[in-house]
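User: I would like to learn how to read the features of a structure like this one. Please take me through a few of them.
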Amino acid sequence: MRAPRFLTTAGITILALGLTSCAGASPAEDAAAESTGSDGELTLYAGRDEALIAPLIEKFTDDTGIEVIARYGSSSELNALLLEEGDNTPAQVFLSQDAGALGSLSNAGLVAKIPEQLAELIPAGFTSEDDSWIGITGRARVIAYDGEKLSEEEVPDAVDDLIAPEWNGRVGFAPGNASMQSFVTAYRVLEGEEAADAWVQGISENSPVLTESNGATLDLVNSGQLDIGLINHYYWFEDAAEVGADGMRAQLKFLPGDAGGMVNVTGAAILSSAAEDPDALEFLEYLVSEAGQRYFVENTFEYPLLPGVDAPEGLPKLESLVNADLDLSNLASLEQTQELLAKYGLL
Amino acid sequence: MSEQVATRSAAATTATAGRRPAPRLLLALALIACAVASIPLVYLVVRAGSGGLDAAITVLFRPRVPQLLLNTVTLATAVTGTCVLIGVPTAFLLARARLPLRRLWAVLAALPLAVPSYLAAYGWLATAPALHGFWASWLVLTLVSVPYVTLPVAAALRAGTTGLDDVARTLGRGPWRAFWLGTWPQIRPATLAGALLVCLYVLSEFGAVSLFRFPVLTTAIQQAYGASFNRSYAAILATVLVLLAILVVLGEQAARGRAARRFGSVAGMARQRVIRLKNWTAPAIALLAVVPALAVGLPVAVLFARLLEAETLRALDVADLGQATLNTLALSAGGALIALLLALPIGVLAARYRGRLVRAVESIGYLALGLPGIVVGLSLVFFSLSVLPGLYQTALVLAFAYGVLFMPKAIGAIRSSTAQVPTSLEDVSRTLGYGKLQTWWLVTARLARPGIAAGGLLVAVTAMKELPATLLLRPTGTDTLAIELWARTDVSAYGAAAPYAATLILVAAVPAFLLSGAGRGRLDGVRT
């Protein structure tokens, strides 16, 4: 009898200690701190990798003295979380991988307007149309191809070629991925609904390899399982940073002028509960400052959106890629794209 | 004939069970637990309803949905069937055969529980990148799920008797026929309980199927959150999953119901014959070795290969790893405690009483297991913000989520271990003047303790690996091993993820070890 009682006591003690030690910041306190003045503290929901964002936050805190409490997750999960939390969210700023998530928060009335002088910094087409969020970086849709099987010349310059019988069963993509869907939206806007319908039908009948994510698509190309993958350009650089560029079997081909080479943006929004919070504003200003933009260029090889900051070396100019003044956060249009993909069994 | 023997011995111990109405307090507690378990269901109905009927019809009639449904059902059936086919013979060898290194095999049989499905899938992919689709998903999910069948069946065999087989043999039945008549009815409820856990788990699994690119309902639900930003789409698909889970739970109850009535308990007849394998020893050991080797050995080997890369070791933040380990332990222990508190009234009720209400309470208790973690996580965000906003994003709510998600894993263990305690012992206690609660605590709980502990351990080991609900509900800034692992695999930095993955497997191996026969032996030893 003694032993189990000892075990129980010890267990409960460890539990109590553990649960209090990992209690972290109390959201009630954060919520109470939403006054108009700076409180030197900011709660951020970051839908991007911690390894990438944490050093940037550290620099921001060094420069401004504002402490950032960051909650990391995937953009889609944090977006679902924010929609569920509504006005009760402890978050003041949401940093998102894609524009659609920001659009859904805006539709739900959960974000505050970005002040005009800040919103103006980013060129139209790369940020929101109604100042509900601000664009931070751009990522190009590209073709990743198996460099051991294909030469760059053999890889098509346009996605239209991919529905040819020659590519049957050799092309992969993630139909459920937001940036893939943005590309289909871009195709609809640029080439018209009929052409888009024909392309989606064509690719769906060409035995495509469907994946769950861009990263998984690239892994397939890199391991020789797939000849061509439609992904975002920076995934390649992430992998190359891990194994070295020489170790990459997959190679990239940019598609200037083609819908398949369009540019998606990442962005940030201020949640409505923090509308007057100077700390939140300061963080957004930092993200689109020269220092902030350079950080992304150097660490993620993404396109900076602030005019005057150079794109990463070796990438085609941002202006050469299709953007079509798309409103990437237009969810009504996104829904049409999803219906199109669903019609041909891709979603 | 042998069936009659069993019936009579069962009748002697459980004659009064099922006839009395359940005590009010127990029923009330069970109903509260049941209400807690239905939080995700209520949430789903609210969310699915918010999209309107049109949205539901549009989503349900997408051309891809029948395929997703078929894939989900086929995978769940195939994995469950294979787990039973491997798990029952494994359990039989562990419990009844004379084996060299018997304890080692018992521990190894439980060890796959410590491996998260996504890690096992990753290990296989790193070894054979071409793996994908149904067979790959079937293989990996089977490998990590077999212990859900092996453990309860081995426990039932250890508690059971070979006496009935012997009766059948003396009456001229062959050994297989005798097993079928004598032993199978004793282990059938445990087999069904294990199969139920496997089936519900496969319904809700996301990690391995997404890595193997096998489209099922959970991957579609994840896509609905990931790209359409439309919560009602996701909720509609999740509702389909719940309906499947309800069918599975009702099916198991129907199958078990008959078995349980005929063969309640055979306590007091626990005579066991040990089988000498002789020439069959080597094949038996091969069978026992293959699942742990493929489920644990292979991913661990891949991890070690990654771990030895110089950069990985250099980048390791030991303090960070230590904190994440402590958090994981505390949260999963808290989750196990809460799951036990919720599962106890349901398990005891289901073991001792019958009727429509009891069956309904038990069914609802199981349903959360068939839901993907992201849905349960969001439902608790919704719940805690509307009921206990002060506790939102605290460790308590996360531990509570683990409790809700995984209490089904404890219900079965509590039910079967309580059912094995003869009600006659409780009656003796009552005639000695002890009250109902005192009797439960002094007699029933004490005898059922190994089973209850096993339920708690099963919850703990699962909670350690949990990711989607943890991401949503954890206190901001609190990391668990699974979160750290996720953060590193997300940037394809598998090398940096290796230490966290290895620690997670190591930590989860402790409850898995305790769940094996070796752990049980020690618990028994303490009691005397």
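User: Among contacts in chain B between residues at least 6 apart in sequence, what share joins residues at least 24 apart?

Analyst: This is a predicted model. In chain B, 84% of the contacts between residues at least 6 apart in sequence join residues at least 24 apart. Chain B has 26 helices and two strands.

User: How many residues does chain B have, and what percentage of them count as buried?

Analyst: Chain B has 528 residues, and 59% of them count as buried. Its accessible surface is about 20,700 Å², with 69% of that belonging to carbon and sulfur atoms.

User: How do I read an aromatic pair?

Analyst: Two values describe a pair of aromatic rings: the distance of the centres and the angle of the planes. Over all chains, the structure holds 19 aromatic pairs. One of them is formed by A:F237 and A:F301, with 4.6 Å centre to centre and 15 degrees between the planes. The pair counts as stacked because its planes are under 30 degrees apart.

User: Where do A:F237 and A:F301 lie in chain A?

Analyst: A:F237 is in helix α10 (residues 233-243), while A:F301 is in the loop between α12 (290-300) and β11 (303-304). They are 64 residues apart, and the pair links distant parts of the chain.

User: Is A:F237 buried or exposed?

Analyst: A:F237 has a relative accessible area of 15%, and buried means under 20%, so A:F237 is buried. A:F301, at 30%, is partly exposed.

User: Which residues of chain B form one aromatic cluster?

Analyst: That cluster is made of B:F134, B:W135, B:W138 and B:F214.

User: How should I read a charged residue such as A:D279, and which side chain of opposite charge is nearest?

Analyst: A:D279, in helix α11 (residues 278-287) of chain A, is buried yet has no salt bridge. The nearest side chain of opposite charge is A:R71, 19 Å away. Leaving aside residues up to four places away in sequence, A:D279 touches several residues, including A:S38, A:D39, A:E41 and A:F60.

User: How many residues of chain B are in contact with chain A?

Analyst: 54 residues of chain B are in contact with 59 residues of chain A. The two chains bury about 5,000 Å² between them, and 57% of this is on carbon and sulfur atoms.

User: How many salt bridges does the rule find across the interface of chain B and chain A?

Analyst: The rule finds one salt bridge across that interface. The side chains of A:E84 and B:R47 meet in a salt bridge, at 2.5 Å from N to O.

Methods. Residues numbered from 1 in each chain as written. Chains lettered and ligands numbered in written order. Predicted model: local features only at pLDDT ≥ 70, side-chain atom pairs only at ≥ 80, totals over all residues. Heavy atoms only, no water. Helix = DSSP H or I, 4+ residues; strand = E, 2+ residues; numbered from the N terminus. Buried < 20%, exposed > 50% of the residue type's maximum accessible area, 1.4 Å probe, protein only. Contact = heavy atoms within 4.5 Å. Areas by Shrake-Rupley, 256 points an atom, 1.4 Å probe, with all protein chains shown as cover. Phe/Tyr/Trp six-rings, centres within 6.5 Å; stacked < 30°, edge-to-face > 60°. Lys, Arg positive; Asp, Glu negative; His and termini not counted. Salt bridge = Lys/Arg side-chain N within 4 Å of Asp/Glu carboxyl O. Buried area = accessible area lost by both parts, 1.4 Å probe.
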